[in-house]
Amino acid sequence: RAVVMSVSHSSKLNKLVREQYMKLPQGDLAQVTYVWIDGSGEGVRCKSRTLDKEPKSIEDVPEWNFDGSSTAQAEGSNSDMFLVPVRMFRDPFCLDPNKLVLCEVLKYNRKPAETNLRHTCKKVMDLVKDSHPWFGMEQEYTLLGINGHPYGWPDNGFPGPQGPYYCGVGADKVYGRDIVESHYKACLYAGVKICGTNAEVMPSQWEFQVGPCEGIEMGDHLWMARFILHRVCEDFGVVATLDPKPMTGNWNGAGCHTNYSTEEMRKEGGLKHIEAAIEKLSKRHDYHICVYDPRGGRDNSRRLTGHHETSNIFEFSAGVANRGASIRIPRQVGQDGYGYFEDRRPAANCDPYAVTEAIMRTTVLNETGVETKDYA
């Protein structure tokens with residue numbers, strides 16, 4: 001019996017017809033799509049407007065507004081929210097000269113919305129800029145049909161046990177490579193600092209990596225990479241979920257492993273600075289767990305079990321080449337004596353602004369305990 005994949009109706013529309021319209025000239029006008037994080041802290045929203053010429057820098061893109069009562073960010077009686085452009089990318093869907101613009105969200109009183117975690121992250125990154133923090137984040141995600149079932153899995157039952165799927169090749173090993181390769185190319189076109197991709201341990205699970213990025217750039221590029229992923233999946237009629245444990249049972253969860261270094265860690269003898277940073281992280285484990293997913297650690301509690309290449313959520317650990325530890329020092333870094341380390345605790349649905357800010361507060365600003373300092 002042929003398996004009918006659960007894809008959206010809109011994905012079956014004739015794309016060749018759409019292509020005829022996309023080829024039409026638009027003169028000197030530019031279509032700009034504003035992208036922002038909604039009230040869930042996980043979802044992205046967008047809307048577009050026409051500018052009378054192609055913007056050459058973020059300063060050329062005007063502020064805009066939206067109805068916050070429809071995104072769980074405001075009450076209907078006072079619903080206008082400000083969209084403040086912060087980073088511009090090329091638009092891989094409508095092509096040049098059109099743009100995608102990532103925005104911060106401000107409330108009616110110009111204060112940051114509750115899910116605008118970029119605001120404080122930017123302040124912290126400005127404070128620590130002399131340490132030149134580099135990040136690379138490994139975004140795992142799972143492809144689902146619109147019925148919520150993992151894409152390509154049998155309608156009734158499960159695929160074979162994990163083993164042949166990680167970095168796999170072949171129609172019986174990987175599902176949805178067309179989506180992955182389209183996303184990769186779209187990110188390259190947009191100017192997102194995507195640096196790799198691979199099939200993951202659970203079938204229908206994939207990963208892409210973004211970085212190295214310095215400071216606030218990390219969150220900006222990862223959020224835009226996520227937007228582009230959801231938008232590509234929309235064209236194919238499937239769903240990308242960032243749920244940290246989309247399938248219960250003997251299946252790997254999904255994380256967002258975060259690679260990190262400062263300038264002194266990257267220099268000769270930097271290993272001692274890496275070890276010092278890990279020591280600081282070991283004394284602030286509870287704080288980091290609280291900010292490494294949008295629900296104060298509840299999402300990660302389903303994933304960080306000590307099994308399936310994870311550490312236990314209640315214990316801090318570190319080791320060279322140990323994928324069962326909270327912090328992994330790559331083997332090459334141990335041999336060279338300098339480089340970077342990997343924090344394996346962030347969940348797939350983490351906010352990269354929260355993660356990178358927390359790492360800087362602990363390792364560079366030397367904060368301790370569960371409270372954070374206000375440097376305003």
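Trainee: What share of the contacts in the chain with a separation of 6 or more comes from residues 24 or more positions apart?

Mentor: A contact means heavy atoms within 4.5 Å. Residues 24 or more positions apart supply 67% of the contacts in the chain with a separation of 6 or more. Please note that this is a predicted model, in which local features need pLDDT of at least 70, side-chain atom pairs count only at pLDDT 80 or more, and totals for chains, interfaces and linings use all residues. Residues are numbered from 1 along each chain as its sequence is written, and side-chain values use heavy atoms, with hydrogens and water left out.

Trainee: How many helices and strands are there in the chain?

Mentor: Helices (H or I, at least four residues) and strands (E, at least two) are DSSP runs, numbered from the N terminus. The chain has nine helices and 13 strands. Its radius of gyration, taken over C-alpha atoms, is 21 Å, close to the 21 Å that the globule rule (2.2 Å times the number of residues to the power 0.38) gives for 376 residues, so the chain is as compact as a globular protein of that length.

Trainee: What percentage of the 376 residues count as buried?

Mentor: Buried means under 20% relative accessible area, exposed over 50%, and partly exposed in between (1.4 Å probe, protein chains only). In this chain, 51% of the 376 residues count as buried.

Trainee: How is a pair of aromatic rings described?

Mentor: Such a pair is described by the distance of the centres and the angle of the planes. Rings of Phe, Tyr and Trp (its six-membered ring) pair if their centres lie within 6.5 Å; planes under 30 degrees apart count as stacked, over 60 as edge-to-face and the rest as tilted. The structure holds eight aromatic pairs. One of them joins Phe135 and Tyr260: the ring centres are 5.4 Å apart and the planes lie at 20°, so the pair is stacked.

Trainee: Where in the chain do Phe135 and Tyr260 lie?

Mentor: Phe135 belongs to strand S6 (residues 134–144) and Tyr260 to strand S10 (residues 256–261), so that the pair links distant parts of the chain, 125 residues apart. Both residues are buried. Together with Phe341, they form one aromatic cluster.

Trainee: Are Phe158 and Trp251 stacked, edge-to-face or tilted?

Mentor: Phe158 and Trp251 form a stacked pair, 6.3 Å centre to centre with 25° between the planes. Phe158 counts as exposed at 57% relative accessibility, whereas Trp251 counts as buried at 8%.
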